[in-house]
Amino acid sequence: MSASVVVERDPQSAPPPDTRLVVAVGSNAVPSVLRRKLGHLDPAGVLHLTRVRVANITVGHSAHVAARGYVPAAPVRTGHGTLETVAAWLSPPQTEALDLTEPNYDRRTVNTHDHPLIFLGDPRLPADAPATPDEFDIYVSRHGVLADPATRAPLPFGSQAGVFGWLQRHLDDPALHGAAAEVCARLATGDHAARVTGLINDARLSRSAWPVDARGVVA
């Protein structure tokens, strides 16, 4: 039996003790994906999820091709915009296990001063409502995000057909020809994923998604 999932109907209820809020982007926002990744820790356990809105973050495409042939989502730090998604309250073992499933991403801690966060759902504020956390974690792509080589503007998140078409226009690689399902299946074979990732880097089709200061601290 897989772990069950609780999506808090009252997001103001107190989170489980000793947990961190991890904001999901891409497939981690899907409960069934988290069940698959974390269910082995406690098959009878519960994943505590809640919907959130976070400011100054948008979603783009990571500048790499995943082993299964698709181009995954990745968060982008901006000075505008909001992201509505799912966040999970994860225990230390759950957080460590999720880290292991994200070899192309680094989990970074960001503060809610720069990225204000609110819980979505029931607008009531019960007496025991927890304060908005001072910080949360988010997975940032180690490869950066796809970006226009001239303007450096991040490519907005879209369909796989759209991103494959964009890459084909810039790279003109035979592996990117055809319908999205065909391209994805092709890129998942042999060394195509790594090779196209290298072409993306060589063509300067990426930019940093999340700046850090000289000490390596998240900006």
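How much space lies in the largest cavity? About 50 Å³.

**Figure 1. Overview of the protein and its elements.** The predicted model has 5 helices and 9 strands. Read from the N terminus, the elements follow the order β-β-α-β-β-α-β-β-β-β-α-α-α-β. The protein has 219 residues, and 42% of them count as buried. Among contacts with a separation of 6 or more, 77% are between residues 24 or more positions apart.

Figure 2. Helix α1 spans residues 31-38, and its buried residues are Val33, Leu34, Lys37 and Leu38. These residues cover an arc of only 110° around the axis, so they sit on the same side of α1.

**Figure 3. The largest cavity and its lining.** A search of the whole structure gives 2 cavities of 30 Å³ or more. The largest cavity holds about 50 Å³ of space. Its lining is made up of Val22, Val23, Ala24, Asn28, Leu34, Ala88, Leu90, Leu98 and Tyr139. One of these, Leu34, is also among the buried residues of α1. At least two lining residues come from β2 (20-23), and at least two from β4. By class, the lining of the largest cavity has 8 nonpolar residues, 1 polar residue and no charged residue.

**Figure 4. The largest nonpolar core.** In soluble globular proteins, nonpolar side chains tend to be buried together. Which residues of the largest nonpolar core touch the most other members? They are Leu117, Phe136 and Ile138, in a core of 33 residues. Two or more residues of this core come from each of β2, α1, β3, β4, α2, β5 (105-111), β6 (117-119) and β7 (135-141). The largest share is that of β4, with 9 residues. A second, separate core has 18 residues, including Val65, Val163, Leu187 and Ile200.

**Figure 5. The surroundings of Phe136.** Leaving aside residues up to four places away in sequence, Phe136 touches Leu21, Val23, Val54, Ile57, Arg108, Thr109, Val110, Asn111, Thr112, His115 and Leu117. Among these, Leu117 is, like Phe136, one of the core residues that touch the most other members. Another of the residues that Phe136 touches, Val23, is part of the lining of the largest cavity.

**Figure 6. The largest pocket.** About 500 Å³ of space lies in this pocket. Of its 27 lining residues, Ser27, Tyr70, Pro72, Glu102 and Tyr105 are the closest to the centre. The elements α1, β4 and β7 each supply at least two residues of the lining. Which element gives the most to the lining of the largest pocket? It is β4, with 3 residues. The lining divides into 16 nonpolar, 7 polar and 4 charged residues.

**Figure 7. Trp166 in helix α3.** Trp166 belongs to helix α3, which spans residues 160-171. Is Trp166 buried or exposed? Trp166 has a relative accessible area of 10%, and therefore counts as buried, the limit being under 20%. Apart from residues up to four places away in sequence, Trp166 touches Leu146, Ala147, Asp148, Leu155 and Leu205. Leu146 is 20 residues from Trp166 in sequence, and their C-alpha atoms are 9.8 Å apart.

**Figure 8. Two residues with positive phi.** Asn56 lies in strand β3. Asn56 is not a glycine, yet its phi is positive, near 65°. Where does Asp172 lie? Asp172 is in the loop between α3 and α4 (180-187). The phi of Asp172, also a residue other than glycine, is positive and near 50°. Asp172 counts as exposed because its relative accessible area is 57%, and exposed means over 50%.

**Figure 9. Ala67 and Thr189.** The loop between β3 and β4 contains Ala67. Ala67 has a relative accessibility of 67%, so it counts as exposed. How many residues apart along the chain are Ala67 and Thr189? They are 122 residues apart, while their C-alpha atoms are separated by 8.4 Å.

Note on methods: Residues numbered from 1 in each chain as written. Predicted model: local features only at pLDDT ≥ 70, side-chain atom pairs only at ≥ 80, totals over all residues. Heavy atoms only, no water. Buried < 20%, exposed > 50% of the residue type's maximum accessible area, 1.4 Å probe, protein only. Helix = DSSP H or I, 4+ residues; strand = E, 2+ residues; numbered from the N terminus. Arc of directions from axis to C-beta. 1 Å grid on protein atoms, 1.4 Å probe; cavity = no way out; pocket = protein on both sides within 12 Å on 5 of 7 lines; lining within 4 Å. Points joined across faces, edges and corners; volume = space filled by probe spheres on them. Nonpolar A, V, L, I, M, F, W, Y, C, P; charged D, E, K, R; others polar. Core = buried A, V, L, I, M, F, W, Y, C linked by side-chain atoms within 4.5 Å. Contact = heavy atoms within 4.5 Å.
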